[in-house]
Amino acid sequence: MTSTKPFTRRRFIGAIGASLLVASVDDPLGIAAPTSSPRALLVRSKSGSKAAAVDDFLGAALTKAGVTVGLITYDDLLKGDGLTSASTDVVVVPDAPRLPIECGGVLAKFAGLGGQLALLGGVACSEPLLRVGSEWLDAAQWLDVLRALPFDQTVLAVPSAGAGSWTRNAANRTSASAVTRDTSDPARPSLRFDLRDVGAWKWDFFTTAIQPAVSPECNAISFWAKGDRATPNCSLEIHVPGQETWRHTVELETEWTRHVVPLADFHADSKAEEQLSLGKAVSISFGVATGGATFTSNDHTFWISNVSAGHYAGQFPSAADSPVAFSLPAGSEMVLMDDIRSVVACAGQELASTRHECTGRFKGVSAVGFTLLWKSTYVPLLSGRDSYNRHLGWAAGVTTHYDGSYKGSNWFLAGIESPDYYQTPQFADLLVSAVRAMCSGALLSSARSAALAQQQTAIPLVTPAPRSFVRIEKEAARFIDQAGAPLFFTGTNYLGYSWRLRAEDFKRAHDAGINFFRIWLGVDDPNPAMTDAIRECARRYGIYLLLHVGGMQRDGDAMAERSARIAKVWRDEPMVVGYDLCNEPEITNVGAIEFGGQPSPVLRLKPYDKYANLIDQKAADSAAHDRKQWPPLAKWATEDDAKHLYAANQLWGRFAKAYTADGTSTTTLPGVDGPLVFPADLMEPLSAINASFALWIDSQCTAIRANDPNHFITVGYNTLYSCLPCNKNLDFVSQHVYQAPASLAAQRINSTALDRLAKVWPAQPMMLGEFGYTNGALIDGKPLDIHASAVGEMIVYLTALAHGHSGCAKWMLNDIPVAVYADSDPWLSPSSRVAEGGFGIYAYDGSPVGRAKPIAHALRALRGYLDGGGHGGDIVTVEADGVVGYVYRAKDAIFLGGKSGGVDGLSFRSVTGHPIDVALYRTANGACLSADSDALVDLDPEAMRAYVGPSSRVSGRYATASRSGGRLTISLLAGERVTIG
């Protein structure tokens with residue numbers, strides 16, 4: 001769709017293409033021979049733009065330094081056979097954000113040949129110029145073109161109130177949805193769509209005829225639209241007889257926006273070669289539906305006006321063929337540098353002079369370069385800093401590809417958007433150094449050496465083990481540590497970096513208050529060096545381990561033998577808490593396991609045949625045949641067995657509806673209030689399902705316990721299967737919950753899931769083996785910001801603590817960027833890569849360390865309180881200022897979340913306007929106070945005398961501290977702890 005909305009930084013950051021364009025290479029290494037005098041092509045910025053003056057300044061600086069410089073326009077860049085290493089060594093783009101998409105593709109091919117790139121001014125192609133006729137237009141100019149287009153054929157006239165032949169198609173036809181005429185704006189009478197009670201996996205559409213008939217020559221449709229705050233988009237559908245419905249998602253703003261949509265941008269479910277023709281269309285629909293729109297709230301309102309069609313003789317611009325993401329922002333506000341006061345050289349690099357320092361007022365985007373495992377590396381060169389000298393992001397850095405599709409190519413990236421910065425002598429000197437280093441091959445050699453050294457690094461086992469093991473206190477159904485104190489896990493999941501162990505990951509986890517890993521890496525590694533490395537890192541940084549066993553296979557007896565082997569390896573390690581038998585098992589894989597060569601009870605029952613009247617056999621047939629439907633099927637299952645397994649899954653789903661809010665809350669189990677009760681009509685198949693799980697669990701538990709009496713066993717369930725009676729043989733509960741945090745109610749249902757499971761298993765310790773809020777998710781059409789997700793996740797941790805449970809393990813330690821997922825896990829869909837990559841405690845920033853999100857600071861404060869003996873407490877969740885917050889109080893601590901709020905004697909306010917977490921707890925040296933984002937905290941010593949005295953001193957790093965009328969006001973800096981005592 002072509003929209004008249006501006007191409008803002010925040011709209012485009014993280015959304016630039018993921019396809020990797022690879023060209024054939026003459027040199028088998030893909031690396032041009034170094035040249036003594038580098039040859040550079042400088043891509044001219046758009047005439048009249050602010051960046052145009054940068055072209056001349058940098059061109060002159062490069063020429064003065066002995067670089068041969070040629071100038072090239074966008075049109076010249078697209079002519080001929082493109083760039084090759086024979087014609088130039090490096091291409092410099094002073095205004096990379098406004099680089100046309102087509103030119104980005106040319107540069108990607110050049111990089112595939114080992115060519116060098118210098119991309120300045122922000123994210124390449126994030127605000128691309130668009131070709132209209134013979135001109136390259138920016139967004140404002142293209143908007144003027146759109147407004148001038150003659151869309152004179154009416155597709156949908158606004159009818160008088162109550163007129164027209166609207167029909168409705170909705171999942172819930174009893175809700176009070178309606179379409180009416182809205183004349184509140186006389187200049188633009190519109191159709192108002194009020195859609196009510198449209199939850200997840202639901203839809204609600206209104207349809208009317210297209211009258212009069214539209215000319216078949218029309219190739220675009222135009223309309224004005226706006227939505228309320230809960231409706232970021234809607235779906236437009238056009239119906240053609242004999243064809244599938246043609247669909248398009250309409251992005252909505254809360255103000256009127258004009259949209260022009262080429263008919264080629266509509267899509268149908270099939271991959272038919274024909275395109276939509278308005279001349280053949282008979283009706284049009286507007287509505288919302290899961291899959292066609294992104295929404296979370298139940299009620300939606302949007303307005304549509306002036307729906308018309310026309311013919312455009314030119315070529316519509318399209319971003320469908322986006323080039324490689326030359327730099328890869330993390331997709332959140334963490335990469336935005338809105339108030340840079342200084343730019344300084346980073347430590348540990350050799351290109352930028354240690355004397356490099358520019359002061360001023362700049363803004364930009366962190367110059368993050370992606371690194372692919374054993375293929376590329378990124379070195380930050382410059383740091384953008386705020387008025388407190390805090391790191392905001394990378395002002396510049398260089399990505400070196402020593403292997404892979406861009407082998408031999410270096411990308412110098414500069415993220416500051418302010419053109420005046422690029423006209424400083426300091427930056428000119430850095431660019432010259434970078435061009436020379438990229439063209440000489442020095443960066444490539446250094447990157448290869450560093451990668452080789454990293455591969456050869458070993459982590460010897462030298463740290464002594466604790467003297468005893470973690471235990472379970474049966475009376476309280478909780479874990480206790482080696483000293484007998486209650487043990488609460490502030491945990492996360494750890495997969496390694498593309499399945500590689502990094503010691504710095506354990507250190508960063510420790511720094512973020514993590515004391516528990518649900519670890520997938522190296523559990524069954526035959527190499528003792530790997531297990532020794534894991535032991536050493538766990539001991540050194542005080543991180544307990546839950547080992548994911550996995551390894552589902554047809555032969556259950558062989559599985560038990562493997563589990564016994566794993567238990568022998570880990571039995572003597574006190575940092576291990578226990579074993580997680582499988583991640584999120586389903587009857588479709590558990591039911592396929594054989595023991596003693598005999599099929600499982602559920603397969604012996606043959607539910608596909610026996611319960612044909614209760615299941616959808618066609619759905620079971622389809623799932624068994626294509627093996628791509630959810631839940632996943634054991635790869636060894638025959639098609640006949642698969643039908644029975646999917647039939648059993650359907651029967652289980654019928655039963656589970658009562659416990660999962662009709663299937664809308666499958667992980668949080670809102671209907672559970674005690675042990676499961678099987679109904680008479682489903683008693684036999686449900687018992688067979690339970691018996692199948694029991695065979696698997698009991699065989700695994702027997703094998704492990706025979707070889708390891710020191711550790712405990714659980715299963716990482718994410719469904720109602722965690723309540724099956726067969727789980728009595730497990731030692732503790734490890735549930736996974738993933739309700740989207742779209743409301744206070746959704747937040748509460750996540751944080752109280754363990755309470756419901758405790759009613760089923762009162763004697764077992766409770767923990768969340770997985771949970772988390774990804775910053776790649778859309779909540780009411782906007783990415784879930786890192787501040788709101790931190791507050792929501794702290795509610796989950798603190799609720800578990802307050803309710804006497806044993807902990808939570810967030811998914812996961814590190815963000816995984818889209819480019820890395822695309823390279824290492826290409827089976828994931830592009831949308832899944834964005835969502836799955838944003839769960840981390842640490843945001844990806846190109847460096848091995850990453851950048852701590854607010855949740856890292858909040859968890860560090862919680863860990864400080866717990867390590868001082870804190871436990872228990874009470875929590876209340878609230879909604880204020882349009883966001884979810886909380887108040888947690890214990891004997892020696894107060895934790896608060898939201899944009900503002902407080903308790904008697906303590907109040908706080910977010911300085912940035914984002915939700916924040918504030919922590920105050922007592923220590924032996926005084927009260928410790930911190931916030932995970934900049935905050936203003938006010939304390940009354942009289943009301944807070946358990947924490948603060950009238951003459952208490954404030955120590956640590958903070959912005960300001962003052963006293964007035966006996967009250968103490970402190971301006972806290974994000975993540976900094978101050979002591980009051």
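Which residues of α6 are buried?

## Helix α6

In this predicted model, the buried residues of α6 are F427, A428, L430, L431, V432, A434, V435, A437, M438 and C439. The helix itself covers residues 425–440, which makes 16 residues, and the distance from its first C-alpha to its last is 23 Å, close to the 22 Å expected at 1.5 Å a residue. Just after α6 comes G441, whose phi is positive, at about 90 degrees.

## The largest nonpolar core

The largest nonpolar core of the model contains 143 residues, and those with the most contacts inside it are W696 and F895. The element that gives the most to this core is helix α19, residues 786–802, with ten residues. In soluble globular proteins, nonpolar side chains tend to be buried together.

When residues up to four places away in sequence are not counted, W696 touches M552, M559, L581, C582, P585, V590, I593, F595, V715 and Y717.

## N707 in helix α16

N707 lies in helix α16, which comprises residues 683–707. Because its relative accessibility is 16%, N707 counts as buried, the cut-off for that term being under 20% relative accessible area.

The side chain of N707 reaches the backbone oxygen of A703 at 2.8 Å. Beyond its neighbours within four places in sequence, N707 is also in contact with A564, A567, K568 and R571.

How values were computed:
Residues are numbered from 1 along each chain as its sequence is written. This is a predicted model: local features need pLDDT of at least 70, side-chain atom pairs count only at pLDDT 80 or more; totals for chains, interfaces and linings use all residues. Side-chain values use heavy atoms; hydrogens and water are left out. A nonpolar core is a set of buried Ala, Val, Leu, Ile, Met, Phe, Trp, Tyr and Cys residues joined through side-chain atoms within 4.5 Å. Buried means under 20% relative accessible area, exposed over 50%, partly exposed in between (1.4 Å probe, protein chains only). Helices (H or I, at least four residues) and strands (E, at least two) are DSSP runs, numbered from the N terminus. Contact means heavy atoms within 4.5 Å. The expected span of a helix is 1.5 Å times one less than its number of residues. A polar contact is a pair of N or O atoms within 3.5 Å; within protein, one must be able to donate a hydrogen and the other to accept it, and residues adjacent in sequence count only if both atoms are side-chain atoms.
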